[in-house]
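Colleague: I would like to learn how to read the packing in a model such as this one. Could you take me through it?

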Amino acid sequence: MPAGGGALAARSRCRAGGGSGGAMAWSRYQLGLAALMLLTGSINTLAAKWADNFSAAGCSGKEEHSFQHPFLQAVGMFLGEFSCLGVFYLLVWRDRRRPEPSMAPSQPFSPLLFLPPALCDMTGTSIMYVALNMTSASSFQMLRGSVIIFTGLLSVAFLGRKLELSQWLGILVTIVGLVVVGLADLHSSHGQKHNLSQVITGDLLIIMAQVIVAIQMVLEEKFVYKHDVHPLRAVGTEGFFGFIILALLLVPMYYIPAGSFSGNPRRTLEDALDAFCQIGHQPLIALALLGNISSIAFFNFAGISVTKEISATTRMVLDSLRTLVIWAVSLAVGWETFHGLEILGFGVLLVGAALYNGLHRPLLVCLPQHTDEAGSAAEREGLLRGESTAINSES
């Protein structure tokens, strides 16, 4: 094909009103995967927040108190990730029963490669569940978009990656969006369940957790992805390490004093026994936790499948749309009140993510006089460029 032929073909598809990756060309299976990813990704955050909103008596059986057990919830999240191993081996079993297996044989690797990123995942997830007790579900989801700032900077510093101008611009726009969301939180904290200091602390904890998540991504990019491990196996292995380690840590957490930072009556870092007593008094808490555990497993499966069957760009768009779903549901059920700044903040964050992940390229291809042959470059980007998500993209 002559120089510029790719761009000419792309412009022809624009004039025709679509392309091979357009929504009009999606099969029912692809539409189902997209809907499953959007639904389960939204349920994950909403179920965790629903559990936080319950109050029930603890082991004393007398005074009711809020269900604030972030570390136990994180254990449940890792259990959901761990279940992806079962899905992986089920797919392998099905594939081997076919006359012509399509799955490539697994490459030999040490499972301990997943331990460092699993430790980062465990730390970052636990911090985020603590923060979710202090702020709204929509702000929680929006502020998680700050991860592209730290993944971009760390990929430059430790992976020697060169960011394009649009990616630097995306980082700058994301910073502006975070400021707007923070201002919206400050205004909406009046008259809400959370006081101003809690909201500020929660927002800062979410952003701090994204630094740890970014380190996790860099570790995965540097040490894990070169071994070509199946994504479901990678998610499940990290879930295994996170589940085992954090479950064991619940024992010392039962005795470590945390003062006002804790939400349980004993004022310790975590009181798993109190959590199970509350579940016994209010069974709906178990339903919320089950929704969190199951949704994370289905979300990872759907996200990986969307990337494979449609595109990484579509996965990023769906991941952004679930923020809107979470916000709409939170408003509908009365968990938070409407504030115009949140719309502005969400829009700015969406623009920042689009610039960083290259979603502007298909639009530029449709413009006249554009001859860039890299119109589909976003689809060829690696983890920290076209797909700025960790292996377990929802934690």
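Modeller: Among contacts (heavy atoms within 4.5 Å) between residues at least 6 apart in sequence, 80% join residues at least 24 apart. This is a predicted model, in which local features need pLDDT of at least 70 and side-chain atom pairs count only at pLDDT 80 or more, while totals for chains, interfaces and linings use all residues. Residues are numbered from 1 along each chain as its sequence is written, and side-chain values use heavy atoms, with hydrogens and water left out.

Colleague: How should I describe two packed helices, and at what angle do the axes of α3 and α11 cross?

Modeller: Two packed helices are described by the angle between their axes and the distance between the axes. Here the axes of α3 (residues 70–96) and α11 (residues 284–309) come within 8 Å and cross at roughly 40°, the axes being lines fitted to C-alpha atoms over the stretch in contact, with angles from 0 to 180 degrees between N-to-C directions. The two helices are therefore oblique to each other, a term for angles that are not under 35 degrees (roughly parallel), over 145 (roughly antiparallel) or 65 to 115 (roughly perpendicular).

Colleague: Which residues in α3 and α11 meet?

Modeller: Among them are M77, L79 and V87 in α3, and L289, N292 and I296 in α11. The residues of this contact divide into nine nonpolar, six polar and one charged, where Ala, Val, Leu, Ile, Met, Phe, Trp, Tyr, Cys and Pro count as nonpolar, Asp, Glu, Lys and Arg as charged, and the others, Gly among them, as polar.

Colleague: With which residues is Y129 in contact, leaving aside its neighbours within four places in sequence?

Modeller: Y129 is in contact with A48, P70, Q73, A74, M77 and N292.

Conventions
Helix = DSSP H or I, 4+ residues; strand = E, 2+ residues; numbered from the N terminus.
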